[in-house]
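Visitor: I would like to learn how to read the ligand sites and the backbone of a model. Please take me through them step by step.

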Amino acid sequence: MPATLIVGTQWGDEGKAKIIDYLSEETEIVVRYQGGANAGHTVMVGEEKYVFHLIPSGILYPNTICVLGGGMVIDPEALFEEMEALERRGIQTRGRIRIADNAHLLLPYHRQIDILREEMAKESRIGTTKRGIGVCYGDKVNRWGIRIGDLFSDNFFEKRLPMLVEMKNAILTRLYETNPIKFAELKDYLLSLRSRLKEFVINVPYYLNLELASGKKVLLEGAQGTMLDVDFGTYPYVTSSNPTTGGAITGSGISFHYLNEVIGITKAYTTRVGEGPFPTEEKGEVGEKIRQIGQEYGATTGRPRRCGWFDCEVVRHAARVNGLTALALTKLDVLDQFPVIKMGIGYELNGKRISHFPTYDADQVQVIYEEFPGWLEPINECRHFDELPKNAKKYIHAIEKFTGIPIRYLSVGPGRDNTIKIR
Ligand code: GDP
Ligand code: IMO
Ligand code: MG
């Protein structure tokens, strides 16, 4: 049985969790493969709202196994908090969560440095979620990180930890002029994590490839989105991991042979949180109207999201770098009340049409728009494509035409029921 990948095609918050939840009913294993508690993944079940940060959104179905893959950076306190909150609401997590032994531990000093670094950067800050993500991935790439598996190695505690603390302290005290880490305290804390995490920790590539070979159905859950990818996004205004298809392979360890579906989650308009270029952004009334109707406030930080029109160049870029096989178009209902809907179909830079999303000077492009008449009626009760108003169908077909990718799922409301399978 092959694996299906769910990936964000814009700047995150495309409604990935809603689609993951929809697809999880028929899935046995759901895997998060990158990012950390910067993610905010919302699932609505009736009136009940669940927001996941580290735990895969498939946890709401009682028989799914949820895996935190090796490409993640895991804040253990945030994880325990999330597990306990779910248990309090009657969702069993014990026995259903597996954590990769090669995932990196995100510790309090990562969060502390993230905050200090953003303060120091002033006007050139990234606008991070302050969850320590970039600092933890920085340590990983610098080979200063602590993996979950290291907790079980006495050798690590004796030989590597003293050197790591020494280097981290030089940075904390000299660069950030703040208090050093106390070695004994950190060591005790890490030893306590050894016993608290032991029951969850496995070798994920071994487990997943075995399960896939035996016919289990696996769903890979991306966090963030293509335009926040450290390699393919609007660098440096990006996160520090690879939400795109390559990251799904390295962050889970499954063989690429198993991957036969890459579904790009695409909002019917565009949003972004934090700083950085956003060509189709609407800073005035239109943006505010989208924000209010779409309730575009961050699920992790509560920050208002920047809003604007659908941008085909962004989604074409996502189609290219992810190898998208289908799209799921979400939040189409949010456009119900717009008499005219605009769509960015391409860019000009210095008066010349350009053929792809630019790697630099993305804040300098002029967007070429096409206008579509709105449908001006509620669509959240529609359950079949045929029931949609004519103008909504035209808008959907235009997205398929300009992105070159077929739309397989349509989301017309936050609930499980507000979903239309097209093909
Ligand atoms: P994710 O990070 O990609 O999982 O998305 P978020 O959870 O951060 O943001 C998506 C928000 O839109 C959540 O509040 C969802 O409940 C909501 N949502 C998802 N799909 C739809 C939809 O089709 N219509 C409406 N109105 N809301 C939706
Ligand atoms: P989900 O999975 C939207 C943004 C931050 C900031 C940049 C870097 O819910 O779609 P970081 O804390 O990762 O170093 O911040 O990335 N960002 C997100 N924006 N959705 C997310 O996750 C995000 N995770 C990070 O706002 O601009
Ligand atoms: Mg989100």
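Visitor: Which atom of ligand 2 lies 2.9 Å from a polar side-chain atom of N38?

Guide: An oxygen atom of ligand 2 does. Keep in mind that this is a predicted model. A polar contact here is a pair of N or O atoms within 3.5 Å, and the N38 pair is listed at 2.9 Å. H41 brings a polar side-chain atom to 2.6 Å from an oxygen atom of ligand 2. The side chain of T129 also has an N or O atom 2.6 Å from an oxygen atom of this ligand.

Visitor: How much of the accessible area of ligand 2 does the protein cover?

Guide: On its own, ligand 2 has 550 Å² of accessible area, and the protein covers 98% of this.

Visitor: Which residues come nearest to ligand 2, and how does its shell divide by class?

Guide: The shell is a list of residues with a heavy atom within 4 Å of the molecule. For ligand 2 there are 20 residues, of which K16, H41, T129, Q224 and T239 come nearest. By class, 10 are polar, 7 nonpolar and 3 charged.

Visitor: Now ligand 1. Which residues come nearest to it?

Guide: K16, T42, K331, D333 and S411 do, out of 19 residues around ligand 1. K16 is also listed among those that come nearest to ligand 2. The shell of ligand 1 has 7 charged, 6 polar and 6 nonpolar residues. Two elements, α1 (16–24) and β3 (41–45), each supply at least two residues of this shell.

Visitor: Is the peptide bond from Y235 to P236 cis or trans?

Guide: Look at omega. For this bond omega is near 5 degrees, and the bond is cis. P236 belongs to the loop between β10 (218–221) and α8 (245–252).

Visitor: Which residues have a positive phi although they are not glycine?

Guide: Q295 is one of them, with phi of about 50 degrees. Q295 is in the loop between α9 (285–294) and β13 (306–308). L376 also has a positive phi of about 50 degrees without being a glycine. The loop that holds L376 runs between β18 (366–373) and α11 (390–403).

Notes
Residues numbered from 1 in each chain as written. Chains lettered and ligands numbered in written order. Predicted model: local features only at pLDDT ≥ 70, side-chain atom pairs only at ≥ 80, totals over all residues. Heavy atoms only, no water. Polar contact = N/O pair within 3.5 Å; in protein donor to acceptor, adjacent residues only side chain to side chain. Areas by Shrake-Rupley, 256 points an atom, 1.4 Å probe, with all protein chains shown as cover. Nonpolar A, V, L, I, M, F, W, Y, C, P; charged D, E, K, R; others polar. Helix = DSSP H or I, 4+ residues; strand = E, 2+ residues; numbered from the N terminus.
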